[in-house]
Structure formats: structure tokens, C-alpha cells
Amino acid sequence: MTQATLHQLNILEAIARHGSFTRAAEELNLTQPTVSQQVKQLTKAMGLPLFDQIGKRLYLTEAGQSVLDASRDIADRVAQLEMHLSDLQGMEKGRLRLSTTTTAKYFVPRLLGPFHKKHPGITLSLEITNQAEVMKRLANNEDDLYFTGRPPRDLDVELRPILPNPLVVVANRSHPLAQEKSISLKRLAAEPMIMRESGSGTRAIVEQFFSDNRMDITTIMDLTSNEAIKHAIVGGLGISVLSQHTLALENNESPLVILDVEGFPIQQYWYLVYPSGKQLSIAAQSFIDFLLDEGKQTIEQALANALQ
Ligand code: PGA
């Protein structure tokens with residue numbers, strides 16, 4: 001096992017992520033024969049096959065998954081070591097990998113500019129996907145820090161509440177309910193509702209809300225994007241329940257309005273999450289310090305003009 005190199009573990013990680021030797025080779029700027037050769041050597045060092053090939057796609061074997069888990073831990077440790085050494089040299093360097101749900105993307109990217117100004121040596125990457133996928137990344141320890149509106153129930157995590165996340169009913173400005181006050185839930189439930197896809201945190205919250213209130217909703221369509229839902233509302237397809245943060249760039253001229261419905265807004269919270277016991281890199285720790293201090297104000301300012 002001591003024959004395995006960091007380079008080989010890095011290659012394994014890229015193949016596992018892409019499910020393909022070719023795409024891993026492209027990402028790492030290597031030729032495919034080099035990648036195959038390195039995997040062969042790694043397999044020999046581990047003494048067990050690391051991949052199964054079914055059709056065109058590669059799957060990790062149980063041994064492959066174990067090696068992958070260990071190599072992610074090792075990569076984390078090496079990143080910390082790099083940062084610690086550059087700290088000792090008086091330079092602040094390193095890489096910060098953030099992962100956020102599609103709805104938190106309305107405020108997380110705002111933080112990157114001011115953070116980068118303060119810590120120009122830290123390279124940033126931000127993965128944006130739905131809640132279920134962010135939770136998978138968290139379970140696999142793929143990133144440093146994660147933003148979500150629904151903390152995981154089945155994982156042991158550190159949780160930092162960031163700011164309130166009100167969910168509101170959004171309709172077309174010309175909708176017959178747009179002028180009404182205190183619309184009943186029963187009346188709302190009869191309206192065609194555009195929902196986020198299954199796996200979305202927003203959807204889970206909305207379903208829970210209506211189920212708690214013993215109401216069935218009339219779903220007209222599922223869409224995987226908040227922006228697409230907003231456009232579908234403008235096009236007259238129906239109404240939706242979205243985080244108010246999705247309206248951060250809408251103003252009073254917007255073709256969208258928030259309906260006044262009993263029980264709304266649904267009050268939720270945004271959280272910064274990472275696995276309990278994870279050794280945070282210096283970059284990740286600097287980001288948390290920044291977020292809980294001036295970062296919070298940046299977000300609040302960004303959201304101050306959101307459609308009310
Ligand atoms: P979503 O997540 O973008 O998957 O709906 C929202 C959330 O984190 O609550």
C-alpha cells in the first residue's frame with residue numbers, strides 16, 4: 001500500500017467523480033494511457049480491483065470506495081499542511097471549496113468578492129446544486145463548507161445559523177389574488193402550483209407545510225430552477241412558494257408579487273454546515289470568521305431591497 005502515491009489517489013478521485021477515465025484525464029491534463037497506467041499501479045498496490053465497468057460507465061468497487069474515502073481524508077490533510085506551511089511563511093494561500101443549494105446561490109456568491117479582497121491568496125470554488133445533492137457531497141466530505149436551508153437529520157454536523165429564510169407565495173402581478181388580503185390556505189391550495197423538483201429543499205419545506213396544515217396542493221408542473229419558476233409564473237402557468245431571497249433583484253416594477261396568505265411567510269433559516277470533527281483548513285476557518293462578522297452584513301444589505 002505504501003507504493004501508492006498522492007498523484008494516483010488524486011487520479012482515482014477524479015475518475016470516481018466523473019465516472020470516466022477520459023473525463024478525469026481531461027480535467028487533470030493527462031493522457032488517457034497515463035491515467036490507465038496510474039490506476040493499474042494503484043490497483044496493484046491495493047491488491048484488489050478498484051473499479052467495475054458496466055457498459056460505458058465505471059463504478060467503484062467496495063475496495064475502490066474505501067480507497068476513495070481515505071484519499072479524500074488525505075487530500076484534506078495535505079491541503080491543511082500546505083496552508084499551515086504557507087502561514088508559517090507569512091503568506092495566506094490555499095483553496096476553499098464551498099457547496100450551496102440552488103436557493104442559497106442568491107446570497108452566497110455576494111460574499112465571494114469581499115472575502116477575496118481580504119484573502120486574495122485563497123482560491124475559491126463554489127458548487128451549486130439542489131439540497132439532496134449538497135447533502136450527498138456533505139456525506140462524502142467533498143467540500144470544505146456547505147450552505148443549506150435544511151440541516152441534515154442523519155449526519156453528525158456542526159451548524160451555524162446565518163440568517164432567516166422566509167418562504168413566500170409568488171404570483172403574477174395580474175393574478176386575481178394579487179390585490180386580496182389574508183387569502184385562506186384553502187383558496188391558495190386550489191391554485192395551480194409550480195413546484196421545485198424532488199430533492200429540492202424548498203419543495204420539502206412546502207410539502208411539509210401543506211401536509212402539517214392537512215391540505216392537498218394542485219401541482220401543475222415541477223421545475224428544477226427557481227429562475228425558470230419565476231418566468232413560468234410571469235407566463236401565467238401558476239403560482240409558487242419560493243424563498244424570498246429568490247426575489248433579491250426584483251423591485252416594485254417586477255411582474256411578480258408576493259401574495260398575502262395566512263400562515264405565510266414560512267419562517268426558515270439558512271445554515272452553514274460542515275461534518276462534526278472535520279479538521280477545518282485555515283481558508284475554511286477564515287471564511288467562517290468573515291461570514292459571521294462582516295459577511296452577514298453584506299448579505300443583509302444585498303437582500304434589503306428584495307421585493308416585499
Ligand atoms: P433548494 O434548497 O435550492 O434545493 O430548494 C433550498 C434549501 O436549502 O432549503
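This is a predicted model: local features need pLDDT of at least 70, side-chain atom pairs count only at pLDDT 80 or more; totals for chains, interfaces and linings use all residues.
Before anything else, a word on how I sort residues: Ala, Val, Leu, Ile, Met, Phe, Trp, Tyr, Cys and Pro count as nonpolar, Asp, Glu, Lys and Arg as charged, and the others, Gly among them, as polar. With that sorting, the lining of the second largest cavity splits into six nonpolar residues, two polar and two charged. I'll come back to that cavity in a few minutes.

The largest pocket holds about 830 Å³ of space. It has 32 lining residues, and those closest to its centre are Asn 10, Glu 13, Ala 75, Arg 95 and Arg 97.

Now the second largest pocket, with about 330 Å³ of space. Here 19 residues form the lining, and Ala 16, Arg 17, Arg 72, Asn 140 and Glu 142 are the closest to the centre. Each of α1, β2 (57–60), α4, β4 and α6 (131–139) supplies at least two of the lining residues. The largest share, four residues, comes from β2. By type, the lining of the second largest pocket has eight charged residues, seven nonpolar and four polar. And where does this pocket lie? Residues of domain 1 (1–90) and of domain 2 (92–164 + 269–305) both line the second largest pocket, so it lies between those domains.

On to the ligand. How many residues surround the ligand? There are 13, and the closest are Thr 102, Thr 103, Gly 149, Ser 200 and Thr 202. Let's go through some side chains that reach oxygen atoms of the ligand. In Ser 200, a side-chain N or O atom is 2.8 Å from a ligand oxygen. For Thr 101, a polar side-chain atom lies 3.0 Å from an oxygen atom of the ligand. Arg 196 also has a polar side-chain atom by a ligand oxygen, at 3.2 Å. On its own, the ligand has 280 Å² of accessible area, and the protein covers 99% of that.

Next, the cavities. Counting those of 30 Å³ or more, we get two cavities. The largest cavity has a volume of about 100 Å³. Its lining is made of 16 residues, and nearest the centre are Thr 101, Thr 103, Gly 201, Thr 202 and Trp 270. Two or more of the lining residues come from each of β6 (157–172) and α8 (201–212). The largest share is that of α8, with three residues. Domain 2 (92–164 + 269–305) and domain 3 (167–258) each give at least three residues to the lining of the largest cavity.As promised, back to the second largest cavity, which has a volume of about 30 Å³. Its lining includes Ile 194, Met 195, Arg 196, Thr 202, Arg 203 and Val 206. Each of β7 (192–196), α8 and β9 (240–243) supplies at least two residues of that lining.

Finally, two details of the backbone. Most residues other than glycine have a negative phi, and most peptide bonds are trans. Asn 29, though not a glycine, has a positive phi of about 55 degrees. You can find Asn 29 in the loop between α2 (21–27) and α3 (32–46). Then there is the peptide bond joining Phe 264 and Pro 265, which is cis, with omega about -5 degrees. Pro 265 sits in the loop between β10 (256–259) and β11 (266–275).

Note on methods: Residues are numbered from 1 along each chain as its sequence is written. Side-chain values use heavy atoms; hydrogens and water are left out. On a 1 Å grid over the protein atoms alone, a cavity is a set of points where a 1.4 Å probe fits but cannot get out, and a pocket is an open set with protein on both sides within 12 Å along at least five of seven lines; lining residues have an atom within 4 Å of a point. Grid points are joined across faces, edges and corners, and a volume is the space filled by probe spheres set on the points. Domain bounds come from an automatic or database domain assignment. A residue is near a molecule or strand if one of its heavy atoms lies within 4 Å of it. A polar contact is a pair of N or O atoms within 3.5 Å; within protein, one must be able to donate a hydrogen and the other to accept it, and residues adjacent in sequence count only if both atoms are side-chain atoms. Accessible areas come from the Shrake-Rupley method with a 1.4 Å probe; for residues, only the protein chains shown count as cover.
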